[in-house]
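Me: I should like to learn how to read the features of a structure, one at a time. Where might we begin?

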Amino acid sequence: MPDFGKYISNSYEAIKKNKWLFVYGLVIALFAGGSGSGGSNIDLSDGFKNIPKEIPEDIPEKTSLVLGTYTSALLDWFSSVPVTTWLLLGLSGLLFVILALAVRIVLLSWAKGALISGFEKAFNNEEVDLTNTSPKGISSIKNLVIFAIIASLVATGLLLGIFLVWLIIFLIFHVTGIEELRIIWMILGSIMGFFTFVVAIILFAMIGVYAERLIVLEKYSPWPAWKKAFSLSKGNFFPTLVTGLVNNVLGCSIGCASMIVFVILLGIPGFIILYPSISNGTTPPLSAIIILMVAFMIFSYLNLLIGAFVVLLKYGNWNQLFREVLIKQES
Amino acid sequence: MNTQHQNARPYLRFLSFLINILLDLFFFQLVLLVVVGQGRLENMLNSLLTAAILWLFFSVIKPFFNSLLISRFGGDPGKLLTGTAIIRSQGGNLSFWRAFFRNFLGYTVSGLLVWLGFVWILIDKQHRAWHDLISDTVVIVRSKSALLMGIISMALLLLVNVFVFSSILSQYQNNKTLYEGVWQDVSEVIRETFKENPQTPDEQFQFEDTPEIPDIPDVFPPAG
């Protein structure tokens with residue numbers, strides 16, 4: 001079993017010594033949707049009693065009763081706009097969204113490639129900066145994107161496969177009219193399908209970890225990387241699973257600890273500032289709003305930095321496990 | 001590393017950045033002027049819809065257009081007007097995709113943490129920002145005399161923008177009644193919709209009890 005204490009301390013030392021890695025950590029933390037915090041749910045609804053908590057269902061009827069001159073004209077205009085104009089608006093919006101998604105995927109692939117290669121340099125005691133890690137990220141973009149597509153297709157195929165098997169057996173029992181077997185399969189089959197799906201997801205996550213490093217560090221192509229990663233994951237299932245659990249526990253612990261600190265340092269003072277207005281049901285003064293906005297900005301940026309730090313720790317740990325697994329396989 | 005040209009100083013890069021911002025602002029204000037200049041609600045809505053479509057297309061096309069300019073001529077409009085150019089650190093023009101990576105993705109990275117990547121120009125010895133470091137580029141000075149042209153361009157763009165802005169304000173004043181009417185209508189709709197028993201516009205202005213008109217007393221009794 002890997003020495004997780006050594007992994008974490010090596011990763012921490014590498015991060016401390018090579019702060020440029022934070023740039024890639026920031027990109028992954030922001031665009032991969034993961035963050036270091038345990039979640040920031042600030043509920044301000046208690047003080048705002050006048051705002052309806054549920055949207056009334058009869059809004060269209062009520063609205064149609066109270067329409068004035070201009071709002072009626074607005075509705076008339078809406079129906080008079082040609083369909084081609086709406087299509088054009090939809091098309092331009094779609095193009096915008098596609099471009100944004102493509103940029104996100106490319107940015108993430110670049111950051112992953114550069115970070116993996118950055119940690120490799122750091123663990124080999126080489127100098128790490130943006131100029132000597134970014135080119136590796138750029139050269140890995142294409143293969144990492146293709147791998148992501150392959151992985152998504154395989155995962156989707158497996159999910160559909162599990163569902164189809166369940167459905168076919170369910171239909172067989174349904175057609176034969178054996179009610180008891182149908183119900184038993186409905187329950188048992190769902191449980192089995194769920195567990196198969198969970199195990200498959202965990203396996204795919206492991207394959208992803210190994211495949212990314214095979215592509216970036218060992219210059220594998222996407223499909224051979226997937227196959228090799230599958231065999232590495234199978235052969236080292238438990239060490240990889242435990243490393244993943246350790247990483248997640250680390251991330252959650254750091255996230256929760258940072259959230260507690262934020263609540264004490266920012267949340268409580270913010271509540272004290274807002275409380276007079278909440279209790280009176282009035283709008284807070286401008287100075288209070290500005291202070292809260294600044295506090296929120298500080299919170300967002302610090303949260304992002306902590307998220308980046310967690311990403312770096314995880315990637316450092318994965319890189320070390322990957323090297324150990326490869327060495328073990330070659331020996 | 002490029003040693004033939006002088007690296008562009010931060011003030012030059014800031015000047016080219018300002019020129020680009022003013023150019024974008026000019027086009028935005030032109031569209032706004034057209035929208036605000038409409039005297040009728042229907043025409044205003046039509047021009048607003050057209051503006052939305054144009055903005056979306058512009059947002060998609062602009063990165064590609066700028067990348068083409070950089071790969072062909074060495075810089076976006078701001079850089080060209082200030083006599084600066086973006087080249088590879090070893091020399092030579094950027095390819096289209098490297099220019100796209102630098103200007104689109106690289107700018108995103110530079111702006112991640114309180115725009116620290118842009119401020120890095122002041123810290124780096126070669127005045128390179130994060131988007132320069134990750135795309136292996138450097139901004140150089142091609143023509144020192146173009147600095148004057150850059151300053152004049154910026155001043156002209158500033159004047160034009162101020163002029164267009166004042167036209168927008170003037171058009172707004174002319175059509176203020178229309179905007180106030182629309183705003184009043186929309187706020188009333190929202191307010192009434194969330195009431196338990198919403199009132200129609202007729203009901204809102206109806207008196208609950210019509211006061212009786214009292215009889216006029218005879219001040220002047222009939223003659224005779």
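Reply: Let us begin with salt bridges. A salt bridge is a side-chain nitrogen of Lys or Arg within 4 Å of a carboxyl oxygen of Asp or Glu. Please keep in mind that the model is predicted.

Me: Which residues are linked in a network of salt bridges?

Reply: Side chains of opposite charge can pair when their charged atoms come close. Here, Lys112(A), Glu212(A) and Arg213(A) form such a network.

Me: Are Arg102(B) and Asp132(B) buried or exposed?

Reply: A residue counts as buried when its relative accessible area is under 20%. Arg102(B) has 0% and is therefore buried; Asp132(B), also with 0%, is buried too.

Me: Which parts of chain B are tied together by Asp24(B) and Lys62(B)?

Reply: The side chains of these two residues meet in a salt bridge of 2.7 Å, N to O. Asp24(B) lies in helix α1 of chain B and Lys62(B) in helix α2 of chain B, so the bridge connects parts 38 residues apart in sequence. Asp24(B) is partly exposed, at 29% relative accessibility, and Lys62(B) is partly exposed at 26%.

Me: How much space lies in the largest pocket?

Reply: The largest pocket holds about 1500 Å³ of space. It is lined by 41 residues, and those closest to its centre are Asn20(B), Ile21(B), Asp24(B), Lys62(B) and Asn66(B). Helix α1(B) gives the most to the lining, with 14 residues.

Me: What span should helix α1 of chain B have?

Reply: A helix span can be judged from its number of residues, at 1.5 Å a residue. The 27 residues of α1(B), residues 10–36, should therefore span 39 Å, and the end C-alpha atoms are 38 Å apart, which agrees. The buried residues of α1(B) include Leu12(B), Ile19(B), Asn20(B) and Phe26(B).

Notes
Residues are numbered from 1 along each chain as its sequence is written. Chains are lettered from A and ligands numbered from 1 in the order in which they are written. This is a predicted model: local features need pLDDT of at least 70, side-chain atom pairs count only at pLDDT 80 or more; totals for chains, interfaces and linings use all residues. Side-chain values use heavy atoms; hydrogens and water are left out. Helices (H or I, at least four residues) and strands (E, at least two) are DSSP runs, numbered from the N terminus. The expected span of a helix is 1.5 Å times one less than its number of residues. Buried means under 20% relative accessible area, exposed over 50%, partly exposed in between (1.4 Å probe, protein chains only). On a 1 Å grid over the protein atoms alone, a cavity is a set of points where a 1.4 Å probe fits but cannot get out, and a pocket is an open set with protein on both sides within 12 Å along at least five of seven lines; lining residues have an atom within 4 Å of a point. Grid points are joined across faces, edges and corners, and a volume is the space filled by probe spheres set on the points.
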